[in-house]
Amino acid sequence: MATRLVIVGGVAGGATAAARARRLSEDAEITIIERGPYVSFANCGLPYFIAGAIAKRSKLLLQTPEGFDSRYGVKVLLRSEAVEIDRAGKRVKVRMAGDRALGGQADGPADDAWLDYDKLILAQGGNPVMPPVEGAGSPNVFKLWTIPDMDRIVKYLDEEKPQSAVIAGGGFIGLEMAEAFRERGLSTTVVEMMPRLMPAMDPEFGSMIASRLESHGVAVRTGVALKTVHAGEREVELSDGSRVPAGVVLFSVGVRPELSLATSAGLSIGSSGGLLVDERLQTSDPDIFAAGDMVEVVQRVSGKRVRVPLAGPANRQGRIAASNALGQNMRYAGALGTSVFKAFDATVASTGLSETAAREAGFQVGSATVHKDHHSAYYPGAKELSLKLVYDRRDGRLLGAQAFGEEGVEKRIDVAATALLGQLHLADLTELDLAYAPPYSSANDPINVAAMVGMNDLEGYSPLETAAELKSALNSDSPPLVLDVRNRNEYDERHIAGSLNIPVDELRFSLDEVPRDRAVHVLDRTGFRGHLALRILNGSGIAKVMNVSGGFLSVEAEGGFPIEAGE
Ligand code: FAD
């Protein structure tokens, strides 16, 4: 008998599962149950439609029930919610909106029906968190998760013409929406409760993103929470008592997995709060598989169980869940959490573990940051790219990477993601033979250079410290000397209070100015001249020297240093 495959949820994970199942079996009876009015839509494109970058709403609708039927022979039930799983009877109760009809056996209220399955795939995604904020139910307060959410926002912007927007949440969806609101001419504020934007990345990247947003007219308020929405006054009140203009308010503070159906069916939940699945994406019921934002998976670097609510993992998991539901034996080895987003003219991307996450996971963490042109400096259009590699100091294994810049950011992060999958070490990365011509890269790509910097650290040839480590060293009982080897004009503009300035080109002739009884921490703009200075100092017998990884750019991005600025 043909396998009856029922899939709950018809977007990234569910739609992929259905298409894959059909490719594997011409006989299977495949049904998608989707609560919303659309199947297979591009949620990742929603902010760009609001911004106006995607002009046609129809472009976001990737498939229709008719298309699924004609191309794949898959039945799609829209506006139909799976409300109960009878695991013993292997059937799902479906509640259909209004006039819907289903060829199952009617049972209970007229619009409920049971649908039998041999195998069930849950791909229900998650729901955006709506914090219990006073006034959150006001008509100018929105979330963005579905096409109807997007339509509501666009309608409100078009009809009410608000002049200002507040976004609660400085994660990537909130930041994409900050750009969208600015593109529509609204004065826009992002409010993030944590001390930095993009809390999943290391702090210096949060600072770089904030500066970029501010340069495009977005106000950034970190370390404060949105407390009350005063819809009538078109303002919000923050936890520090301040008020911010807010004609429209968007909450984008995280996503919670959609688990009520699974938990009421008695399926096991994992330690991070997602639906528990094994490597085959099988739940605690052997006939039920699951994929996407609702499940928890293994983080490939740390080995911890985590939730990775991103489209790439959801799609790949949907494919594997369908294959295994139809009798194959495919394995999902885990996710890296590779992500990228656009912040006006900048691109921000990361993969694997941040320095903070790597430390929490128990690694002995090292990191190398370079600020390099994305292609040869002499070829027109070179843009500075900040790239940070995080590695295990014990053996140089790559643990993660983060990057910020205008060009070439995602390329470096994709290389790093591939390296993480191959469990490569810094030594391997120094040897990566990457494509080069002046318009594209440098003979030593930034990723090669960052790996060389990390290797120099590991081998003790040019020991590194992060800006955060420098900050805590300066606050210790025996603070090191900060030797700033930038040129005098750079130093005069801004420098760490109490630092000594000897430009690197004068250092060989000024060695007697450098104290020999104190640890010396060298600092330049990016870390490159710091490395040269460190070697000069070592060569002259001054041994206790560290180079600040990423130099003054990383110090400024880290923040919290006593900075003196010139006139
Ligand atoms: P979803 O795509 O959320 O689909 C789940 C579906 O299940 C929903 O349509 C829901 O209606 C349905 N459902 C739930 N319960 C039931 C039920 N009981 N009965 C019937 N149907 C049910 N990720 C990236 O990697 N890159 C990006 O740039 C990116 N941008 C994003 C921008 C926005 C605005 C949003 C909202 C998300 C973005 N994401 C991005 C995240 C990405 O879209 C999700 O990770 C992905 O869609 C998850 O797929 P999924 O199948 O698990 O869940």
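Guide: Let's begin at Pro309, where a backbone N or O atom lies 3.4 Å from an oxygen atom of the ligand. Please keep in mind that this is a predicted model: local features need pLDDT of at least 70 and side-chain atom pairs count only at pLDDT 80 or more, while totals for chains, interfaces and linings use all residues. Residues are numbered from 1 along each chain as its sequence is written, and side-chain values use heavy atoms, with hydrogens and water left out.

An oxygen atom of the ligand is also 2.7 Å from a polar backbone atom of Gly13. Asn43 brings in its side chain, with a polar atom 3.2 Å from an oxygen atom of the ligand. In all, 28 residues are around the ligand, each with a heavy atom within 4 Å of it. Of these, Gly13, Glu34, Ala82, Asp293 and Ala311 come nearest.

Now to Ile7, which sits in strand S1, residues 4–8 (strands are DSSP runs of E, at least two residues, and helices are runs of H or I, at least four, numbered from the N terminus). Ile7 counts as buried because its relative accessibility is 0%; buried means under 20% relative accessible area, exposed over 50% and partly exposed in between, with a 1.4 Å probe and protein chains only. Setting aside neighbours within four places in sequence, the contacts of Ile7 (heavy atoms within 4.5 Å) include Gly14, Ala17, Ile30 and Ile121.

Asn501, in strand S31 (residues 500–501), is buried too, with a relative accessible area of 11%. Its side chain reaches the backbone oxygen of Arg486 at 3.0 Å. The side chains of Asn501 and Arg488 are joined by a polar contact of 3.3 Å. That term means a pair of N or O atoms within 3.5 Å; within protein, one must be able to donate a hydrogen and the other to accept it, and residues adjacent in sequence count only if both atoms are side-chain atoms. Beyond four places in sequence, Asn501 also touches Asp484, Asn487 and Tyr491, among others.

Our last stop is a pair of helices. The axes of H13 (residues 467–474) and H17 (residues 551–558) come within 9 Å and cross at roughly 75°, so H13 and H17 are roughly perpendicular to each other, a label for angles of 65 to 115 degrees. Ala467, Ala468, Leu470 and Lys471 in H13 meet Ser554, Val555 and Glu558 in H17.

Methods:
Axes are lines fitted to C-alpha atoms, for helices over the stretch in contact, and angles run from 0 to 180 degrees between N-to-C directions. Angles under 35 degrees count as roughly parallel, over 145 as roughly antiparallel, 65 to 115 as roughly perpendicular and the rest as oblique.
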